[in-house]
Amino acid sequence: MRFSIKCLVLIGISLCLYAPSVFAQHTVSRIEGNNRYEVAVNAAKRGWPEASIVVLVGGDAYADALSAVPYAFEQGAPVLLTNTGSLSGATKSGLQQLKTKRDV
């Protein structure tokens with residue numbers, strides 16, 4: 001008798017712990033692009049309909065891009081990737097679409 005009560009209590013606890021994850025919506029929204037520059041622009045467009053300030057970082061240096069994120073958060077600006085020597089085409093069109101006035 002005592003064993004069955006313990007089993008029922010354990011079953012009740014496990015249902016309470018696992019039920020919320022079963023009923024949670026597991027939707028994933030994928031951001032796509034032909035390259036990392038387009039993905040960065042598409043991510044920025046999803047988060048900002050317009051961005052007067054944009055943080056530009058080199059697309060080849062992941063550490064630079066990661067370290068720029070806190071600064072971009074502080075500025076309320078998206079991070080866009082670009083080539084080292086020149087502005088990539090995707091980034092240029094993204095700056096125009098976001099109506100950017102200043103880049104940092």
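User: I'd like to start with the strands. Which residue is the bridge partner of V55 in β2?

Analyst: That partner is V79. Strands here are DSSP runs of E with at least two residues, helices are runs of H or I with at least four, and both are numbered from the N terminus. Two strands pair if DSSP finds at least two bridges between them. In this case, β1 (residues 53-58) and β2 pair over four bridges, in the parallel sense.

User: How does the chain get from β1 to β2?

Analyst: The chain crosses through helix α3 (residues 62-75), and this β-α-β crossover is right-handed. To judge the hand, point the strands away from you: right-handed is when the path from the first strand over the helix to the second runs clockwise.

User: What should I know about the model itself?

Analyst: This is a predicted model, where local features need pLDDT of at least 70 and side-chain atom pairs count only at pLDDT 80 or more, while totals for chains, interfaces and linings use all residues. Residues are numbered from 1 along each chain as its sequence is written, and side-chain values use heavy atoms, leaving out hydrogens and water.

User: How many helices and strands does the protein chain have?

Analyst: The protein chain has four helices and three strands. Starting at the N terminus, the order is α-α-β-α-β-α-β.

User: How do I read the contacts?

Analyst: Contact means heavy atoms within 4.5 Å. Among contacts in the protein chain between residues at least 6 apart in sequence, 61% join residues at least 24 apart.

User: Which residues of α2 are buried?

Analyst: An α-helix has 3.6 residues a turn, so residues three or four places apart point the same way. In α2, the buried residues are Y37, A40, V41 and A44. Seen down the axis of α2, they fall within an arc of 95°, so they line one face of the helix; the arc is that of the directions from the helix axis to the C-beta atoms. These buried residues pack against β2 (79-82) and α4 (89-97).

User: Where do the buried and exposed residues of α4 lie?

Analyst: A90, T91, G94 and L95 are the buried residues of α4. Their arc, seen down the axis of α4, is within 135°, so they too line one face of the helix. The face turned away from that buried side carries the exposed residues G89 and Q96. The buried residues of α4 pack against α2, β1 and β2.

User: What about S88 and K99?

Analyst: S88 sits in the loop between β2 and α4, and is buried, with a relative accessible area of 7%. Just after α4, K99 takes a positive phi of about 55°.

Technical notes
Buried < 20%, exposed > 50% of the residue type's maximum accessible area, 1.4 Å probe, protein only.
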